[in-house]
Amino acid sequence: MGFHTFDPAKIDRLEDPSRFRFCSREELLGALPTGPATRILEVGSGSGFYTDEVAPFVGQVCGVDLQPAMHGRYAERGVPANVALVTAGADVLPFPDGTFDGSFSTMTFHESASESSLDELARVIDGGGRVVFVDWSRAGRGESGPPVEERYDAESAAAMLSDAGFDIVTARERSETFKLVGER
Ligand SMILES: C[S@@+](CC[C@H](N)C(=O)[O-])C[C@H]1O[C@@H](n2cnc3c(N)ncnc32)[C@H](O)[C@@H]1O
């Protein structure tokens with residue numbers, strides 16, 4: 001696995017609307033398959049901040065998180081009917097091969113990424129499916145987010161995703177985050 005796991009005691013920080021400065025709904029939807037038949041996996045769904053943004057535009061979202069406390073906060077706020085929450089680690093996903101048409105993961109790659117978790121992602125994404133990652137970059141300024149030494153940059157994250165069998169569609173640095181899109 002990656003670096004330290006997000007502290008649930010700081011969960012309020014995940015619901016701050018200023019986070020859209022670093023990743024918007026529109027850029028996630030622009031890179032994901034959408035429509036009423038689409039099955040989307042979210043890795044590290046946290047309190048559901050971005051899940052709520054994506055769910056209205058897809059068929060189903062399955063939000064996976066390692067920490068039950070994160071799902072608990074989301075449940076208190078109210079989980080949309082087309083969202084299922086599953087407590088699991090990214091390296092052991094409890095789904096059959098090819099279950100999903102796409103996936104997204106925000107501000108989590110630095111915590112969850114490993115050879116086994118990306119192999120597992122490749123297993124559960126159907127052929128042609130898109131996976132989208134936005135995370136704090138090691139090339140960022142460190143003005144916000146985790147310490148830069150606990151981050152990956154776009155190039156190293158893309159190399160890991162490529163090794164897991166994805167074609168790289170986008171691997172781009174921004175001011176503080178990277179965006180990485182792969183196709184199965
Ligand atoms: C920084 S939070 C981001 C949450 C959410 N993606 C967001 O942007 O609001 C990272 C989340 O990833 C989860 N996480 C960390 N490592 C994980 C792993 N190996 N498998 C599944 N979830 C993991 C943490 O429990 C936490 O909820």
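## Ground rules

Residues are numbered from 1 along each chain as its sequence is written, and side-chain values use heavy atoms, leaving out hydrogens and water. Because the model is predicted, local features need pLDDT of at least 70 and side-chain atom pairs count only at pLDDT 80 or more, while totals for chains, interfaces and linings use all residues.

## A glycine in β4

Let's start with G102, which is found in strand β4 (residues 100-106); strands are DSSP runs of E with at least two residues, and helices are runs of H or I with at least four, numbered from the N terminus. G102 has a relative accessible area of 0% and is therefore buried (under 20%, with exposed over 50% and partly exposed in between, using a 1.4 Å probe and protein chains only).

Beyond neighbours within four places in sequence, G102 is in contact with P33, R39, I40, L41, I125 and R130 (contact means heavy atoms within 4.5 Å).

Setting aside residues up to four places away in sequence, F133 touches F109, L118, L121 and F178, among others.

## Helix α5

In α5, the buried residues are S117, L118, E120, L121, A122 and V124. Their cover includes β1, β4, α4 (109-112), β5 and α6.
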